[in-house]
Amino acid sequence: MSQQPVQIQPLSQPVQMPDEIATFSAEVEAEIDGHLAKYPVMRSAILPLMFIVQRERGYLDPPGVSYLAKRLKLRITDIWEVATFYSMIHIKPIGKYHIQVCKTLSCKLLGADKITQHCAEKLGIKVGETTPDGRFSLSEVECLGSCGTAPMFQINFDYHENLTNEKVDEILDAYLKR
Ligand code: FES
């Protein structure tokens, strides 16, 4: 299957990026090649590749962004505009456990604000912050598609639903013991 680079236009202003470009092991490069082979247009592989870079580097750091731009033959800004749209892509370091409290309608009506506040008080951080030991980050995100079991949050890839403060305590205490 042929891979056509997307036609790009010059930027109106230069974007400053570090000279460093992320490098990966042969296994990771092979994984990336495998994703690129699935798409007729390289750009379509941007999200799977972002997840790989994030997994390998902890977050989508500037060298990782440069790598993606080079590999996908895109502009740096093409990478950033996707990276900054999705809450699951992190452009700054994130805790080992990322708590994402849904703040959309069903969850909001059923107490999401109280759940967020309870998490914040228990962990001693505000929304958007990470605990000093780097273990927990707290975010508010849009609907996670589990509206029927609101309020809910996601920790990494696990959903926790029908939350109450007591249930949050149980869940977070289990993570704190890990
Ligand atoms: S509104 Fe919270 S999961 Fe949909």
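1. Helices H2 and H3. In this predicted model, H2 packs against helix H3 (residues 62-72) at an angle of about 145°. Their axes lie 10 Å apart. The crossing of H2 past H3 is right-handed. On the H2 side, the contact uses Ile46, Leu49, Met50, Val53 and Arg57. H3 answers with Pro63, Gly64, Tyr67, Leu68 and Leu72. By class, the H2 contact with H3 counts eight nonpolar residues, one polar and one charged.

2. Helices H3 and H4. H3 also packs with helix H4 (residues 76-83), here at about 115°. The axes of H3 and H4 are 8 Å apart. H3 passes H4 in a crossing that is again right-handed. Val65, Ser66, Leu68, Ala69 and Leu72 of H3 make the contact with Ile76, Ile79 and Trp80 of H4. The class count is seven nonpolar, one polar and no charged residues.

3. The loop between H3 and H4. Lys73 sits in this loop. Its phi is positive, about 55°, although Lys73 is not a glycine. Check this residue when reading the backbone angles.

4. The whole structure holds 11 salt bridges. One of them joins the side chains of Glu31 and Arg55, with an N to O distance of 2.7 Å. Glu31 belongs to helix H1 (residues 26-36) and Arg55 to helix H2 (residues 46-57). The two residues are 24 apart, and the pair links distant parts of the chain. Side chains of opposite charge can pair when their charged atoms come close.

5. The sheet. Four strands form an open sheet in the order S2-S1-S3-S4, and the pairing is mixed. Which strands stand at the edges? Strand S2 (136-141) and strand S4 (158-160) do. Each has a single partner strand, so one side of each is left without a neighbour in the sheet. From one strand to the next, the twist averages 25°.

6. Pairing of S1 with S3. Strand S1 (residues 97-102) and strand S3 (residues 153-155) run antiparallel. Three bridges join S1 to S3. Ile99 has Ile155 in S3 as its bridge partner. Strands of a sheet pair through backbone hydrogen bonds, either parallel or antiparallel.

7. Helix H7 on the sheet. H7 (residues 165-176) packs on the sheet and touches S1, S2, S3 and S4. The direction of H7 makes about 10° with that of S3.

8. Helices H6 and H7. How do H6 and H7 cross, and at what angle? The axes of helix H6 (residues 112-123) and H7 come within 10 Å and cross at roughly 40°. H6 and H7 are therefore oblique to each other. H6 passes H7 with right-handed crossing geometry. From H6, the contact residues are Lys114, Ile115, His118, Cys119, Lys122 and Leu123. They meet Asn165, Val168, Asp169, Leu172, Asp173 and Leu176 in H7. By class, the contact of H6 with H7 has six nonpolar, two polar and four charged residues.

9. A cis peptide bond. Where is Pro151 found? Pro151 lies in the loop between S2 and S3. The peptide bond from Ala150 to Pro151 is cis, with omega near -5°.

How values were computed
Residues numbered from 1 in each chain as written. Predicted model: local features only at pLDDT ≥ 70, side-chain atom pairs only at ≥ 80, totals over all residues. Heavy atoms only, no water. Pairing = 2+ DSSP bridges. Axes fitted to C-alpha atoms, helices over the stretch in contact; angles between N-to-C directions. Contact = heavy atoms within 4.5 Å. Parallel < 35°, antiparallel > 145°, perpendicular 65-115°, else oblique. Left-handed = near helix turned anticlockwise from the far one by under 90°. Nonpolar A, V, L, I, M, F, W, Y, C, P; charged D, E, K, R; others polar. Salt bridge = Lys/Arg side-chain N within 4 Å of Asp/Glu carboxyl O.
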